[in-house]
Amino acid sequence: MLKKTDQDIIKGHLEDSSNLQGGHADGLYLPESEADIKEALKECSSKKTPLTISAAETGTTGGCIPFGGWLLNTQKLNKIITLDKQGKFAVVQPGVTLEEIEAAAAKAGLLYPPDPTEKTATIGGNVATNASGGRGYRFGATRDWIRRLKVSLPSGEILDLKRGGQKLNNRKLEQPNYAMPKTKNSAGYYSSPGMDLIDLFIGAEGTLGIVSEIEIGLAPALKETFDVVAFFPSEGLAVDFVLEAKAKNDRTVNFFEYFDTNTLEMLRSSFSHIPAGVKAAVYIEQEITAKNQATYLDDWAGLLEKYQVNIDDCWLGLEASQKEDLFKFRHAIPEHINELYKKHGSIKLATDIAVPTDKFKEMYEYYDRLLATNYRLLFYIKFGHIGENHLHVNLLPKNGEETRTAKEITMKFVKKAVSLGGTVSAEHGIGKIKHDYLRELYGQTGINEMLRLKKAFDPDLILNQNNIYKLPQ
Ligand SMILES: Cc1cc2nc3c(=O)[nH]c(=O)nc-3n(C[C@H](O)[C@H](O)[C@H](O)COP(=O)(O)OP(=O)(O)OC[C@H]3O[C@@H](n4cnc5c(N)ncnc54)[C@H](O)[C@@H]3O)c2cc1C
């Protein structure tokens, strides 16, 4: 197996998009097979060497950044093993990127529906964080599309877990004793009565084992889609528009994505054709079917006009190149904000909160009350998956004092979301920078329950140390 101890090479693997600094490792494994993974685990277990798993390093919470020990990067585990057109599934190695999976599926007339925006991310990283994207509104998160996982444990055992197969209690283990929020969720270990063992590993952020093979479900490719970005004269009108559109419960709508005033201002430097004077935007994608094709344009136009949208200002995505431009516009948000974090040398301070639909307005008004009224000078943007009541509020402090203020505000958001039955992480995970938020959600008792499960699979506590929760000293 390839092993590197050259610090110049290792240096290239010490960052992700959290901007968390100070990572270091003594060596790097680059496995090319499951047997290599097993060998690395054996070596680390025998010496109790901490081992951190990294993949495409696009995570936002420092999960792949090592603080000592060795790193294992999955970039060479990049094969699509099978793609079964008839059975609508694929078996892949963990280092295959979303881009590669989506292209291979499209070639076979199929779709891998979870739709995280960052297409260079790997499927292994997506499984570890239970990633999701805009289309999660219609199709669910990564968890919903995982049919089978192979997981390599520090003991050398390789689990082969099928959905609907082995249960957690088959290993004489009990589920954690907390109730998960009834929203999309990537905060801490999954827990549900009678749960499948596979669900414990999805979203476990590599703390229990290394995912070494993945079977994903595929759906028929979308027929035609209609995409539109609509611009609103106020944020309130945009939010109310989405709530009314969602209430129709039209399952041909793939996503609703949101851009607040500051997001649009931030993007103006690259997208100068954003209409003047607008204060919010919503990006919608809908599948065109035999049933809606005659009416969908009029239906949207009617509803958008009700919320004071100038139809002539809307950006339409009817052809492939237009759709690509709209996708780039959406993807530019995290790219721009991540650049700003880098420029300011500031750790990422971003919420990943989702709340139940009937609480979304209350949460939104709370954001505004705190940000627009109490902390007007701090730069922030609110954007994201409004279809699932899931916005990212990114705060960009410029100095030490603003950083303290931003942390204070973020914690207030977290407490408010928990009080409304929401989650503190809907898709990015907890990693190494959101431990306090998880404690708000499940308390120390819940975290102790996770530690109990970790000890069952990783008794020497070597894997992905301090991801999700801090290990006891
Ligand atoms: C511009 C941008 C946009 C983004 N948009 C989205 C979005 O829409 N939705 C979303 O959910 N996320 C998004 N992200 C975050 C990121 O892409 C996801 O968290 C992704 O799942 C990380 O995958 P990765 O391959 O980069 O993993 P890494 O960042 O390398 O690792 C992430 C975590 O997974 C663990 N891990 C990786 N591989 C394995 C494995 N084989 N076995 C066990 N553990 C493993 C790592 O240890 C780490 O804890 C975005 C990031 C960026 C930079």
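**Sheet and ligand shell**

User: Which residue in S10 stands opposite Val-91?

Analyst: In S10, Glu-215 stands opposite Val-91. Strands (E, at least two residues) and helices (H or I, at least four) are DSSP runs, numbered from the N terminus. This is a predicted model: local features need pLDDT of at least 70, side-chain atom pairs count only at pLDDT 80 or more, and totals for chains, interfaces and linings use all residues. Residues are numbered from 1 along each chain as its sequence is written.

User: How many bridges join S6 to S10?

Analyst: Four bridges join strand S6 (residues 89-92) to S10, and the two run antiparallel. Two strands pair if DSSP finds at least two bridges between them.

User: What is the order of strands in the open sheet?

Analyst: The open sheet has five strands in the order S5-S6-S10-S8-S9, with antiparallel pairing. S5 (80-84) and S9 stand at the edges with a single partner strand each, so one side of each has no neighbour in the sheet. On average, neighbouring strands of this sheet are turned by 10° against each other, direction ignored. Axes here are lines fitted to C-alpha atoms, for helices over the stretch in contact, and angles run from 0 to 180 degrees between N-to-C directions.

User: OK, S8. Is strand S8 mostly covered or uncovered?

Analyst: Strand S8 (residues 146-152) is mostly covered, with five of its seven residues buried. Buried takes 20 or more other C-beta atoms within 10 Å of a residue's own, exposed takes 12 or fewer, and partly exposed is in between; C-beta atoms are placed from the backbone.

User: And what does S8 pair with?

Analyst: S8 pairs with S10 in the antiparallel sense over six bridges, and Val-151 has Val-211 in S10 as its bridge partner. Five bridges join S8 to strand S9 (residues 158-162), also antiparallel. There, Lys-150 has Asp-160 in S9 as its bridge partner. The hairpin of S8 and S9 has five residues between the strands, and Gly-156 takes a positive phi near 100° in it.

User: Switching to the ligand. Which residues come nearest?

Analyst: Of the 38 residues around the ligand, Gly-59, Gly-63, Gly-124, Gly-125 and Gly-206 come nearest. A residue counts as near a molecule or strand if its C-beta atom, placed from the backbone, lies within 6 Å of it.

User: Which helix gives the most to that shell?

Analyst: H4 gives the most, with five residues.

User: Last one. Is Lys-343 buried or exposed, and why?

Analyst: Lys-343 is in helix H10. Lys-343 is exposed because 10 other C-beta atoms lie within 10 Å.
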